[in-house]
Amino acid sequence: MSDSSKTRQGPVGIDELLEQVRAAYERVGPEEAATAAAEGALLVDIRYAELRERDGLIPGALVVERNELEWRLDPQGSHRAPQATSHDLRVVVICNEGYASSLAVASLHQLGLHRATDLTGGFQAWRAAGLPVSF
């Protein structure tokens, strides 16, 4: 075996990992997410309960804890949400500030949900844009 065939990639820091996964899809801003939802996309809020209670909810968004996301959105899964009807479903994942959602999208892409994306800036960007929030 030559030395070049033994090339190993070292550890990847989180900033580099985010850059890599985000390069694989186009993220959306708050207004684009609202438009996508109006056109039938599924907004999925993965923030934990304390943040939802503190800051509110996006009306119509499906709330799925991050640790359940893949099970709830896999159209072939036995624990899927009723909304998870197809691998072609347009999904916009929303976390608090737009970081965890990027990693979640990478996981959804691995499941075949090729139209999944996330909201740049997360829920905080949605709220700052003056889009609807309910309590």
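Where is the place of Ile14? Select residues 14-22: this run is helix 1, and Ile14 belongs to it. Helices here are DSSP runs of H or I with at least four residues, strands are E runs of at least two, and both are numbered from the N terminus.

The model is predicted, so local features need pLDDT of at least 70 and side-chain atom pairs count only at pLDDT 80 or more, while totals for chains, interfaces and linings use all residues. Residues are numbered from 1 along each chain as its sequence is written, and side-chain values use heavy atoms, with hydrogens and water left out.

**Stop 1: the surface at Ile14**

Ile14 is partly exposed because its relative accessibility is 48%. Buried means under 20% relative accessible area, exposed over 50%, and partly exposed in between (1.4 Å probe, protein chains only).

**Stop 2**

Select Asp55 in helix 3 (residues 49-55). Asp55 counts as buried because its relative accessible area is 4%. Its side chain makes polar contacts with the side chains of Arg54 (2.8 Å) and Gln124 (2.9 Å). A polar contact is a pair of N or O atoms within 3.5 Å; within protein, one must be able to donate a hydrogen and the other to accept it, and residues adjacent in sequence count only if both atoms are side-chain atoms.

Move to Gln124, in helix 6 (residues 122-128). The Gln124 side chain also makes a polar contact with the side chain of Arg127, at 2.6 Å. Show Gly98 as well: Gln124 and Gly98 are 26 residues apart in sequence and 8.6 Å apart in space, C-alpha to C-alpha.

**Stop 2: the cores**

Select Val44, Ile46, Leu69, Leu73, Val91, Val93 and Leu108, which touch the most other members of the largest nonpolar core, a set of 19 residues. A nonpolar core is a set of buried Ala, Val, Leu, Ile, Met, Phe, Trp, Tyr and Cys residues joined through side-chain atoms within 4.5 Å. Helix 5 supplies the largest share of this core, three residues. Apart from this core lies another, of 13 residues, including Ala41, Ile94, Phe123 and Trp126.
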